[in-house]
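Q: Could you walk me through how to read a few features of this structure?
A: Gladly; let us look at the coordinates together.

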Amino acid sequence: MFRINSRCISCGTCWQFDPEHFANGGAAAVVCQQPRELPALQRALLALQACPVAAIEASAEQRLQRPDDGFPVPVTRHRHGEVFYCGWASKRSFGACSWLIRRPDGNVMVDVPRWSAPLARRIEALGGLATIVLTHRDDVADHARWARAFGAERWIHGADAEAAPEAERHMEGAASRLIGDGLRLIPTPGHTAGSMCLQLGEQRAVLFSGDHLWWNRELQVVVASERYCWWDFERQIQSVRALLPLDVAWLLPGHGHRHVFAVGEWQMALEQTLAWVQG
Ligand code: SF4
């Protein structure tokens with residue numbers, strides 16, 4: 001039997017990763033359905049592994065079925081890189097998602113999970129880690145350990161740099177910047193002064209949005225949250241508007257649900273968000 005213990009911090013990692021078996025119960029996650037068949041059981045066991053506070057319990061017999069390969073799990077493939085979800089969420093970033101982009105010119109990690117030797121071995125097998133992008137000050141987790149293990153270069157915006165003072169590369173100002181072929185850093189200040197998105201590709205792009213934007217599956221809307229804005233919400237709305245011209249296919253946030261947009265849906269969704277927050 002899977003169960004949630006009292007350590008749960010309601011971070012959302014489990015129900016975003018495996019909504020078939022876990023759900024938001026308000027103050028804590030709940031097991032909404034016990035996994036039965038092996039693929040479902042292995043998905044739930046990965047959610048258990050991703051939980052930042054070991055709040056998901058399963059029987060010893062069930063735990064034996066944990067998949068050998070585990071995280072990172074594939075998400076999507078773009079011509080500029082193959083995207084994976086890293087799991088192994090960190091309590092220090094309240095369970096924020098970390099993503100890996102596998103690229104011929106060096107792999108890129110977007111925000112950072114807790115340190116995990118099994119994950120590091122898997123990333124090594126996928127080609128190692130050349131670059132770490134820290135989208136903002138909240139989700140840096142064990143960045144120093146990951147950077148040291150792989151000799152990776154870290155990017156952070158100067159306005160959030162005190163969260164990772166050892167970072168090798170700083171973005172400054174408001175202009176976007178290519179940091180690799182088809183890989184663009186876009187300053188999106190608001191949630192924090194140094195928030196950034198990372199755009200993979202220009203057409204049908206993958207947008208790693210940190211805590212600037214996320215998808216709400218229940219309401220089917222893109223969320224820019226004033227409640228969780230730590231710096232300047234007016235500025236955050238300007239930063240949302242600046243993303244309207246993009247051609248986004250995948251939204252991969254730090255918190256909240258990911259989402260896939262059909263052609264043209266990105267602009268409609270952002271306009272709806274802007275109308276809602278301004279109304
Ligand atoms: S991942 Fe763990 S801490 Fe987060 S909501 Fe699920 S059970 Fe709770």
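Q: What share of the 279 residues of the protein counts as buried?
A: Buried means under 20% relative accessible area, exposed over 50%, partly exposed in between, using a 1.4 Å probe and protein chains only. Here 58% of the 279 residues count as buried. A word on the source: this is a predicted model, where local features need pLDDT of at least 70, side-chain atom pairs count only at pLDDT 80 or more, and totals for chains, interfaces and linings use all residues. Residues are numbered from 1 along each chain as its sequence is written, and side-chain values use heavy atoms, with hydrogens and water left out.

Q: Which residues come nearest to the ligand?
A: A residue is near a molecule if one of its heavy atoms lies within 4 Å of it. Of the 15 residues around the ligand, the nearest are Cys 8, Cys 11, Gly 12, Cys 14 and Cys 51.

Q: Where is His 257 found, and is His 257 buried or exposed?
A: Helices (H or I, at least four residues) and strands (E, at least two) are DSSP runs, numbered from the N terminus. His 257 sits in the loop between β18 (248–253) and β19 (259–260). With a relative accessible area of 6%, His 257 is buried.

Q: Which residue's side chain makes a polar contact with the side chain of His 257?
A: A polar contact is a pair of N or O atoms within 3.5 Å; within protein, one must be able to donate a hydrogen and the other to accept it, and residues adjacent in sequence count only if both atoms are side-chain atoms. For the His 257 side chain, the partner is the side chain of Arg 217, at 3.4 Å.
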